[in-house]
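Please take a moment to look through the sequence and the model shown here. The paragraphs after them walk through some of the features.

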Amino acid sequence: MAYELAVWLHSDLVGYLSEEKGQLGFVYLPEWLAREDALPLSISLPLQGEAFSDAQCRGFFSGLLPEGGLRQLIAQRFKISAQNDFALLNAIGGECAGAVSFFPVGHRPADPEDVARVDWLNVARLRVLLDELPRKPMLAGEEGLRLSLAGAQDKLPIVFDGTQIGLPKGDQPSTHILKPAIRYVQSSVLNEAFCLRLARALEIPSADTEIFWVDDQPVLLVRRYDRSREPDGSLRRLHQEDFCQALAVPPALKYQSHSGPSIADCFHLLRDQTRPSALNVLHLLDAVIFNALIGNHDAHAKNFSLLYQHGVPALAPLYDLLSTAVYTDLTSKMAMKIGSKYRFEDLNWQ
């Protein structure tokens, strides 16, 4: 028996994700394909009438979900298999990266004027939330919350109005990503804030961040570049996909040493998919050099994304910038080779 989820892009129903005997499938709606303004969900899922197989579509859809231990904890909370991407998207796929969302067939997301539902948090509740987050990723199971972000680090989509933090309820878009300190990684919030601000100071497009103090505990607030404020004050989702999704690579293979994308693959993607590509290629070159110089050895292909403005892809601002080289207990092996070398100290700049 096949199960289905409705896949929405912005406020449009674009197709159905199915699962049968552990295999995913995806098909675009004929009504969506017939529209002049129809856009694909991903470079790896071009507009076509034929259904996509598990091998063709799993990279994109699994790439929207948390990874590693976070995925395990969320699956345990919902009593589903951690390998069941379909069930996980059904449980937490209401607010994802970009403009894609998942709902039961027949459910329609609320109109923009009806979605402004925020559960504002006082300091005491925020402290409780931060304490719960390692055991309850994405606050999975909380009534009215269906939140998902890729990655293996604790984080949470939130609404931030400049002074206070709230949880987006129902179909309300989030404005920021809250990133608490990484356990066992000293001063990770200060480290990441510094690296992102350094990139901006060097005029390298990167996510806007600030440190927010909850009593004596710092958390990083990252403004979502995949959200924009409309003239009427409403918040609009902008579509995006990371490089692994665009290349149909599942998250488990994100490292080059695990058959994941190389730096060359990333440059080829930009040259093939962006127009004009020269500026995007130069921005990626800056990013590669910057990551190498700050010692961000975890700069894999899921840490680069394409952002779609009016359907046109461009390299998204940098995010997840952390100097891992300052921690002697973390690997010195880079996620992607530069030339033929995995280690910065092995590079010859002549």
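The second largest cavity holds about 30 Å³ of space, where a cavity is, on a 1 Å grid over the protein atoms alone, a set of points where a 1.4 Å probe fits but cannot get out, and lining residues have an atom within 4 Å of a point. Its volume is the space filled by probe spheres set on the points, with grid points joined across faces, edges and corners. The lining of this second largest cavity is made up of Asn291, Asn296, Ala299, Asn303, Phe304, Leu318, Tyr319, Asp320 and Leu321. Sorted by class, these are five nonpolar, three polar and one charged residues, given that Ala, Val, Leu, Ile, Met, Phe, Trp, Tyr, Cys and Pro count as nonpolar, Asp, Glu, Lys and Arg as charged, and the others, Gly among them, as polar.

The model is predicted, and local features need pLDDT of at least 70, side-chain atom pairs count only at pLDDT 80 or more, while totals for chains, interfaces and linings use all residues. Residues are numbered from 1 along each chain as its sequence is written, and side-chain values use heavy atoms, with hydrogens and water left out.

Two of the residues just named can be followed further. Asp320 is found in the loop between β15 (312-315) and β16, helices (H or I, at least four residues) and strands (E, at least two) being DSSP runs numbered from the N terminus. The phi of Asp320 is near 50 degrees, a positive value in a residue other than glycine. Most residues other than glycine have a negative phi, and most peptide bonds are trans. With a relative accessible area of 24%, Asp320 is partly exposed, on a scale where buried means under 20% relative accessible area, exposed over 50%, and partly exposed in between (1.4 Å probe, protein chains only). As for Tyr319, its C-alpha atom is separated by 9.6 Å from that of Thr209, although the two residues are 110 residues apart along the chain. Thr209 has its place in strand β9 (residues 209-214) and counts as buried, at 9% relative accessibility.

Phe243 is buried, with a relative accessible area of 0%, and Phe304 counts as buried at 3%. Elsewhere, Phe26, Tyr28, Phe52, Phe60, Phe61 and Phe102 form one aromatic cluster.

The next stop is a set of paired strands. Strands β5 (residues 118-121) and β7 (residues 165-168) pair in the antiparallel sense over four bridges, where strands pair if DSSP finds at least two bridges between them. Strand β6 (residues 156-160) also pairs with β7 in the antiparallel sense, over two bridges. Gly166 in β7 is the bridge partner of Trp120, and Gly166 is the bridge partner of Val159 as well. In the hairpin of β6 and β7, which has four residues between the strands, Gly162 takes a positive phi near 105 degrees.

Leu139, placed in the loop between α5 (123-132) and β6, has a phi near 50 degrees, a positive value in a residue other than glycine, and counts as buried at 3% relative accessibility. A cis peptide bond, with omega about -10 degrees, joins Arg275 and Pro276, and Pro276 is found in the loop between α8 (263-273) and α9.

How values were computed:
1 Å grid on protein atoms, 1.4 Å probe; cavity = no way out; pocket = protein on both sides within 12 Å on 5 of 7 lines; lining within 4 Å. Phe/Tyr/Trp six-rings, centres within 6.5 Å; stacked < 30°, edge-to-face > 60°.
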